[in-house]
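Subject: Structure for your review

Dear colleague,

Please find below the structure that I am handing over to you. My notes on it follow directly after.

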Amino acid sequence: MATARGPGYLLTLGRWRRGLGIAPQSRALAALVPGVSQVDNKSDFLGKRPHRRHPGILQLSRVRLPQVLVDAAQLLLLESSMPNMEEKVQALTNYLWSRHLPVEPEELQRRAVHLEKKFLENADSCQMEKLCGEVLHALRRTTYHWQELSYNEGLSLVYMAARLDGGFAAVSRAFHEIQARLPEFQPQTLMDFGTGTGSVIWAAHSTWGQSLREYMCVDSSAAMLELAEKLLKGGSGSGMPYVPGVFFRQFLPVSPKVQFDVVVSAFSLSELPSKANRTDVVQTLWRKTGHFLVLVENGTKAGHSLLMDARDLVLNRKEKSPLDPRPGFVFAPCPHELPCPQLTASKPLACSFSQAYHAIPFSWNKKPKEEKFSMVILARGSLEEANRWPRITQPVLKRPRHVHCHLCCPDGRMQHAVITARRHGRDLYRCARVSSWGDRLPVITPSELPPSPAQDPPES
């Protein structure tokens, strides 16, 4: 597949032609962009498909939950008669979205030493005995206090009302990435770490229900697993589950010989109390992965940082699994395996995406919504198997006769491309104009173009 070579990924196309009809500001922006050249036509790029369905299009239309799941969630909430549910849902939502990563013990020790030195500089002999108390007081006042949530029956129900539909939308979008790019992939087994209320089960069944035969669902909370099972059974504790082949357990399978076609962790790494715990879990999940490891978190700096740590952990593994010696590569969203340019920027940003969905119509929750999330999909195999088209990382700005696209490119850099029909060709311009945030732009570099006959010199 097409791969970028060097920093000149999107330019070197010559001078602007006279009469292009673009505002001076747009010309200046375009001059900063290494040259988007043309669409990747190496293998009958479009065929008979219209531009609005080019193979880089990955955005889903507004997601709608299965009606049986909507009915079950409404029934369970109605039967609970929990007071002030709307306030509790809003409070939990705000907490989850404002959550930072836990402070690591090494960082806490460093801060304590720094404060101790600072207090010692201003302390006399009478104050020395109070030094320890002052340090502890200052640490409590200045350090983020991460708390592990204990999901009992009540909090599990609040979590369902707050996050079931948004989680379903985000995971559906991640699964759609695999299905759209590899329609021949038909998984038979799936493991879900941190099952919660079971949104992964429903999203996977909606995507690959015709092939999936076994769902292994792991969550440390017995109350969450009971709620997920009730949702599968239409809101009751009896009856046949809507999705067959689902098994629940509170601990990860220990056998190193057990692998699953798809392994998922959705909004679960952020529930772990330390980096050491996250490292152990990610390594275990990768060992359990037969084809794809799908990791999804909130579209915040904390969520994105967690995913980049997990990505680097898998890519930097030196030892090979005797069960599956195939290395790992990034399937999505990154078109490269270099450091994330969003994190290395002078002002780090979260690499996130947005998926529209129809919310479960609770009394406070009737309008369509958008789920902002971060994801990384790791795959087993060779890097050559990956299609390295640049990823659109922000909403596309459509202007008269030109389009602004912010791209994460295969050379590991962020680019701001201003694409026009006259400069870049009708095919590429129309592909860019119909693309959205999260899609891939199917372009190749000038160095990859086949030799062409002599052309007329550009107009001066």
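The paragraphs below set out what was found, from the overall make-up to individual residues.

Please bear in mind throughout that this is a predicted model. The protein has 460 residues, and 50% of them are buried. Its secondary structure consists of 13 helices and 15 strands. The accessible surface amounts to about 22,800 Å², with carbon and sulfur atoms contributing 53% of that area. When contacts between residues at least 6 apart in sequence are considered, 79% of them join residues at least 24 apart.

Nonpolar cores

As general background, nonpolar side chains in soluble globular proteins tend to be buried together. In this model the largest nonpolar core has 65 residues. The members that touch the most others are Met-160, Phe-175, Leu-190, Tyr-215, Val-294, Val-296 and Ile-377. Helix α6, spanning residues 153-181, supplies the largest share of this core, with 14 residues. Leaving aside residues up to four places away in sequence, Phe-175 touches Leu-190, Val-200, Ala-203, Ala-204, Thr-207, Trp-208, Val-262, Val-264 and Val-294. There is also a second, separate core of 25 residues, and Met-216, Leu-306, Met-308 and Cys-334 are among its members.

Helix α8 (residues 222-232) has a set of buried residues, namely Ala-223, Met-224, Leu-225, Leu-227, Ala-228, Leu-231 and Leu-232. The elements that cover them include helices α2 (67-80), α6 and α7 (199-208), together with strands β4 (214-218) and β5. Just after α8, Gly-234 adopts a positive phi of about 80°.

Aromatic rings and charges

Eight aromatic pairs are present in the structure. In one of them, the ring centres of Tyr-151 and Tyr-159 are 5.5 Å apart; the planes meet at 80°, so this pair is edge-to-face. Tyr-151 and Tyr-159 are both buried. Phe-292 and Phe-331 form another edge-to-face pair, with 5.1 Å from centre to centre and 70° between the planes. This pair links distant parts of the chain, since Phe-292 belongs to strand β7 (residues 289-298) and Phe-331 to strand β8 (residues 328-332), 39 residues apart. Phe-292 and Phe-331 are likewise buried. Both also belong to a cluster linked by ring pairs, in which they are joined by Phe-175, Phe-185 and Trp-208.

Two arginines are placed over aromatic rings. Arg-181 lies over the face of Phe-331, at 3.9 Å from the ring centre. The charged end of Arg-163 sits over the ring of Phe-267, 4.9 Å from the centre of that ring.

Cysteines

How many disulfides does the model contain? The count is zero. Cys-409 is in no disulfide, and its nearest cysteine sulfur, that of Cys-408, is 6.8 Å away. The limit for a disulfide is 2.5 Å between the sulfur atoms. Cys-409 is buried at 0% relative accessibility, and Cys-405 is also buried, with a relative accessible area of 0%.

Loops and backbone

Asn-84 is found in the loop between α2 and α3 (85-98). Although Asn-84 is not a glycine, it has a positive phi of about 55°. Is Asn-84 buried or exposed? Its relative accessible area is 52%, so Asn-84 counts as exposed.

The peptide bond from Ala-332 to Pro-333 is cis, with omega near -5°. Pro-333 itself lies in the loop between β8 and α11 (341-344).

Val-254 is located in the loop between β5 (246-249) and β6 (260-266). At 79% relative accessibility, Val-254 is exposed. From C-alpha to C-alpha, Val-254 and Thr-284 are 9.1 Å apart in space, while 30 residues separate them in sequence.

With kind regards

Terms used
Residues are numbered from 1 along each chain as its sequence is written. Side-chain values use heavy atoms; hydrogens and water are left out. Rings of Phe, Tyr and Trp (its six-membered ring) pair if their centres lie within 6.5 Å; planes under 30 degrees apart count as stacked, over 60 as edge-to-face and the rest as tilted. Buried means under 20% relative accessible area, exposed over 50%, partly exposed in between (1.4 Å probe, protein chains only). Helices (H or I, at least four residues) and strands (E, at least two) are DSSP runs, numbered from the N terminus. A charge sits over a ring if NZ of Lys or CZ of Arg is within 6 Å of the ring centre and within 35 degrees of the ring normal. A nonpolar core is a set of buried Ala, Val, Leu, Ile, Met, Phe, Trp, Tyr and Cys residues joined through side-chain atoms within 4.5 Å. Contact means heavy atoms within 4.5 Å. Accessible areas come from the Shrake-Rupley method with a 1.4 Å probe; for residues, only the protein chains shown count as cover.
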